[in-house]
Amino acid sequence: MDHQLRRTTLAARLGDLAVDALFVTRLTNVRYLTGFTGSNGQALLTESGAVFFTDGRYTEQSRHEAPDLERVTYSASVGASLHEQCGRLGIARLGFEAHDMSVAAHGRLGSDLSGIELVATQDAVERQRWVKDDEEIAALRDAQRVTDLAFDDILEWLAIGQTERQVAHQIQLVMRREGADRMAFDPIVAFGENAAEPHHEPGHRVLQEGDVVKLDMGALWAGYHADMTRTVAFGEPAAELKKVHEIVKEAQQAGIDAVRAGVTGAEVDAAARAVIADAGYGDRFPHGLGHGVGLEIHEGPRLGREFEHVLPTGAVVTVEPGIYLPGLGGVRIEDMVEVTDDGGRVVGTSARDLIEL
């Protein structure tokens with residue numbers, strides 16, 4: 001991936017941030033800008049280039065993963081090395097990621113960088129990450145491909161007597177077998193009445209005839225996350241749940257149809273929410289419609305009633321309406337959707353019709 005281009009794009013915005021340089025500490029952002037995947041690394045970004053910092057555990061790893069950067073290895077903390085580099089580069093105003101730094105860490109950094117003004121920034125790298133390049137889209141598609149395969153496998157594997165935890169474990173095994181780095185997140189497996197909980201944690205509930213089965217899962221591929229939810233029926237489900245599934249499916253399609261570059265997250269949310277509200281279930285859809293996905297499972301842009309950010313071309317967002325009926329069950333259908341100038345392009349191939357096993 002072109003980390004140099006990403007750094008150049010961000011460096012061009014340093015003037016807008018009113019800083020001479022940006023000190024990037026959030027590991028996801030460090031990976032995005034440098035390619036480094038270890039657990040300790042920081043990047044100093046200037047208009048003329050970048051410096052990467054880490055400790056001795058990662059000297060060799062960073063040499064392989066960030067070969068195009070000047071690299072500094074420190075022994076105790078980054079402060080002294082950062083101060084030296086700021087002096088060498090003539091940095092007087094240093095931006096830092098305020099959303100990633102604790103008050104204590106800020107105090108230590110201020111002590112280490114005497115004479116340098118620290119300027120708080122918010123989500124500077126995250127906003128750039130909203131737009132995916134071709135390689136990022138390819139990684140997301142690979143993650144979704146594995147997720148689709150795992151879903152097909154689970155449909156064949158489900159049987160009466162299995163527990164939610166057993167199914168969750170099987171999902172992980174299948175994704176690993178298909179080449180995933182690991183799970184993008186702990187899967188949600190909910191049987192029957194448990195499907196009424198939007199974020200149910202798999203337990204010892206045993207699968208029974210007539211249950212709906214809600215599966216929220218995703219694979220991680222090359223650092224990029226997939227996110228998909230399907231609700232299937234094991235045997236003949238309750239009539240209301242069959243009705244609700246059709247409503248949710250219609251709502252999701254309305255949301256997908258509303259996705260395009262230039263619309264706001266609130267507008268997409270409203271398109272899907274209107275279908276559910278018109279059907280009389282508005283109070284049973286308690287969460288936002290979706291979120292961006294990429295190096296994190298939840299990132300921007302967001303789709304919800306309060307999100308007025310405009311969707312850019314190249315973003316990938318989830319569209320995941322749901323209806324939840326306490327004591328009976330619930331339905332959620334979710335897909336990742338690529339934002340294009342012409343509309344939304346679904347990532348993935350799994351059927352969205354109600355599957356009765």
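Quick housekeeping. Because the model is predicted, local features need pLDDT of at least 70 and side-chain atom pairs count only at pLDDT 80 or more, while totals for chains, interfaces and linings use all residues. Residues are numbered from 1 along each chain as its sequence is written, and side-chain values use heavy atoms, with hydrogens and water left out.

Okay, pockets. A pocket here is an open set of points on a 1 Å grid over the protein atoms alone, where a 1.4 Å probe fits, with protein on both sides within 12 Å along at least five of seven lines; lining residues have an atom within 4 Å of a point. Grid points are joined across faces, edges and corners, and the volume is the space filled by probe spheres set on them.

The largest pocket holds about 470 Å³. Which residues sit closest to its centre? Out of 29 lining residues, those are His199, Asp216, His291, His298 and Glu320. Strands E13 (290-292) and E14 (299-303) each put at least two residues into that lining. On strands and helices: these are DSSP runs, E with at least two residues for strands, H or I with at least four for helices, numbered from the N terminus. By type, the lining has 10 nonpolar, 8 polar and 11 charged residues.

Let's go back to E14, where Glu299 lies. Is Glu299 buried or exposed? It counts as buried, because its relative accessibility is 7%; buried means under 20%, exposed over 50%, and partly exposed in between, with a 1.4 Å probe and protein chains only. The side chains of Glu299 and Lys132 make a polar contact of 2.5 Å. By polar contact I mean N or O atoms within 3.5 Å, one able to donate a hydrogen and the other to accept it, where residues adjacent in sequence count only if both atoms are side-chain atoms. The Glu299 side chain also reaches the backbone nitrogen of Glu296 at 3.1 Å.

Also in E14 is Pro301, and the peptide bond from Gly300 to Pro301 is cis, with omega near 0°. Most peptide bonds are trans, and most residues other than glycine have a negative phi. Two non-glycines here have a positive phi of about 60°: Ala18 and Asp123. Ala18 is in the loop between helix H2 (14-17) and E1, and Asp123 is in the one between strand E6 (117-121) and H7. Ala18 counts as partly exposed because its relative accessibility is 40%.

Last, the cores. A nonpolar core is a set of buried Ala, Val, Leu, Ile, Met, Phe, Trp, Tyr and Cys residues joined through side-chain atoms within 4.5 Å. The largest has 34 residues, and Val316 is one of those touching the most other members. Helix H8 (134-157) is among the contributing elements, and H8 supplies the largest share, 4 residues. Another core, apart from that one, has 30 residues, including Val263 and Leu325.

Note on methods. Ala, Val, Leu, Ile, Met, Phe, Trp, Tyr, Cys and Pro count as nonpolar, Asp, Glu, Lys and Arg as charged, and the others, Gly among them, as polar.
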